[in-house]
Amino acid sequence: MPKSNDSRVLPYTARQMYDLVADVERYPEFLPWNSAARIRSRRMQEDGSELVEADLVISFKVFRERFGSRVILGPTQQGSPLQIDTEYLEGPFKYMRSGWTFTDLDEGGSRIDFWVDFEFKNAILQKVIGVFFGEAMARIVRAFEQRARQLYATG
């Protein structure tokens, strides 16, 4: 089923990019097809990571679907890459998993690695998404890059 992974080197710190991606509530402000976001719960775990359960509403043409996910932020020990992992709880998917890793580079900036793997329950929606999946993923990654420029660009 649709899978994608991408890696980018950006002029922002790993912490800046981690904070941007972790701010799920702000997604409707800049992510394509995301019309609403709500945090259900947040709690710290014993390993130092934060567990966030969130609902996102995805709107595309005639489709409007809410889905719940569990987002694990961290842990954020000194010297280790920052990480965000997402797993699907309920909604229009058969399954959905994604992850981000944010690594500071010695020469400045950071490397961002992103992957996603999912399948919709609805075969029609799966076909529609399949037609332009690569472009859709590229638009989402660009939206995060543009948001970083808005928030962190100096000058």
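What covers the buried residues of α1 includes β1 (3–10), β4 (63–73), β5 (82–90), β6 (93–104), β7 (110–120) and α2 (123–152). The model is predicted: local features need pLDDT of at least 70 and side-chain atom pairs pLDDT 80 or more, while totals for chains, interfaces and linings use all residues. Residues are numbered from 1 along each chain as its sequence is written, and side-chain values use heavy atoms, without hydrogens and water. Helices (H or I, at least four residues) and strands (E, at least two) are DSSP runs, numbered from the N terminus.

Helix α1 spans residues 14–22, and its buried residues (under 20% relative accessible area, 1.4 Å probe, protein chains only) are Ala14, Met17, Tyr18, Leu20, Val21 and Ala22.

Glu53 lies in strand β3 and counts as buried because its relative accessibility is 16%. Its side chain makes a polar contact (N or O atoms within 3.5 Å, one able to donate a hydrogen and the other to accept it) with the side chain of Arg70, at 3.4 Å.

The table gives contacts (heavy atoms within 4.5 Å), not counting residues up to four places away in sequence.

| Residue | Touches |
|---|---|
| Tyr27 | Leu20, Val21, Asn34, Leu56, Phe144 (within 4.5 Å) |
| Glu53 | Arg38, Ile39, Arg40, Ser41, Ser69, Arg70, Leu89 (within 4.5 Å) |

Methods: Buried means under 20% relative accessible area, exposed over 50%, partly exposed in between (1.4 Å probe, protein chains only).
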